[in-house]
Structures are given as structure tokens and as C-alpha cells.
Amino acid sequence: MPLTKPNQELRHDLKEVAALLKWSSVDLMKMAVRLSEAGFESDAREILAITSGFPDAEDKLTEYADEVKKGVITRAKPE
């Protein structure tokens, strides 16, 4: 059964946010490397600590998108 338009949008939004987290993590890691090379070790470690939760959050969003595709999660019409 095909997804409704609202569910298609929800799935797309979830996948888009997951991808944004992934690329933000990549960019922040590059920034951490540059900070470390410039002698700002504590700042680099702070950035790495912030981004350490990104992969888990990305995985959750991807799983939610898969559940939308399977029909487990649906977007209800606003009341």
C-alpha cells in the first residue's frame, strides 16, 4: 500500500534530518581536527563530546523513517 502524502513528507523529513546530522558530524569532526592542530585540545574534545551522540540519533531517525514506510508510524491529520 503506497504511503499517503503526509506520511511521504514525514519519511522524507526524517531521512533529511538524519542526513543533516551525518554531514554536521563530519564537518564538526574536521573542525575538531583543525582546532587540535592549532593547539586548542580542550575545544576539540568538547566538539567531539557533542558529536558523540549524533550517530545514535541518526540511526533512530532512520529507523523511524523505516517504520513510517512500513506503516508502523503514521502522520495523523490535525484536529
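Reader: What makes H1 roughly antiparallel to H2?

Author: In this predicted model, the axes of helix H1 (residues 5-37) and helix H2 (residues 41-51) cross at roughly 165° and come within 8 Å. Angles over 145 degrees count as roughly antiparallel, so H1 is roughly antiparallel to H2.

Reader: Is the crossing of H1 and H2 left-handed or right-handed?

Author: The crossing of H1 and H2 is left-handed.

Reader: Which residues in H1 and H2 meet?

Author: From H1 come Ser25, Leu28, Met29, Met31, Ala32, Leu35 and Ser36. Their partners in H2 are Glu41, Asp43, Ala44, Ile47, Leu48 and Thr51. The residues of this contact divide into 8 nonpolar, 3 polar and 2 charged.

Reader: What is the secondary structure of the protein?

Author: The protein has 3 helices and 0 strands, and its elements run α-α-α from the N terminus on.

Reader: How do you know that the protein is more spread out than a compact globule?

Author: The globule rule gives 12 Å for 79 residues, whereas the radius of gyration of the protein is 17 Å, well over that value; the protein is therefore more spread out than a compact globule. Along its principal axes, the C-alpha trace spans about 55 × 25 × 15 Å.

Reader: What percentage of the residues in the protein is buried?

Author: Buried residues, those under 20% relative accessible area, make up 19% of the 79 residues.

Reader: How many of the contacts between residues at least 6 apart in sequence join residues at least 24 apart?

Author: Among those contacts in the protein, 68% join residues at least 24 apart.

Conventions: Residues are numbered from 1 along each chain as its sequence is written. This is a predicted model: local features need pLDDT of at least 70, side-chain atom pairs count only at pLDDT 80 or more; totals for chains, interfaces and linings use all residues. Side-chain values use heavy atoms; hydrogens and water are left out. Axes are lines fitted to C-alpha atoms, for helices over the stretch in contact, and angles run from 0 to 180 degrees between N-to-C directions. Helices (H or I, at least four residues) and strands (E, at least two) are DSSP runs, numbered from the N terminus. Angles under 35 degrees count as roughly parallel, over 145 as roughly antiparallel, 65 to 115 as roughly perpendicular and the rest as oblique. A crossing is left-handed if the near helix is turned anticlockwise from the far one by less than a right angle, and right-handed if clockwise. Contact means heavy atoms within 4.5 Å. Ala, Val, Leu, Ile, Met, Phe, Trp, Tyr, Cys and Pro count as nonpolar, Asp, Glu, Lys and Arg as charged, and the others, Gly among them, as polar. The radius of gyration is taken over C-alpha atoms; the globule rule is 2.2 Å times the number of residues to the power 0.38. Buried means under 20% relative accessible area, exposed over 50%, partly exposed in between (1.4 Å probe, protein chains only).
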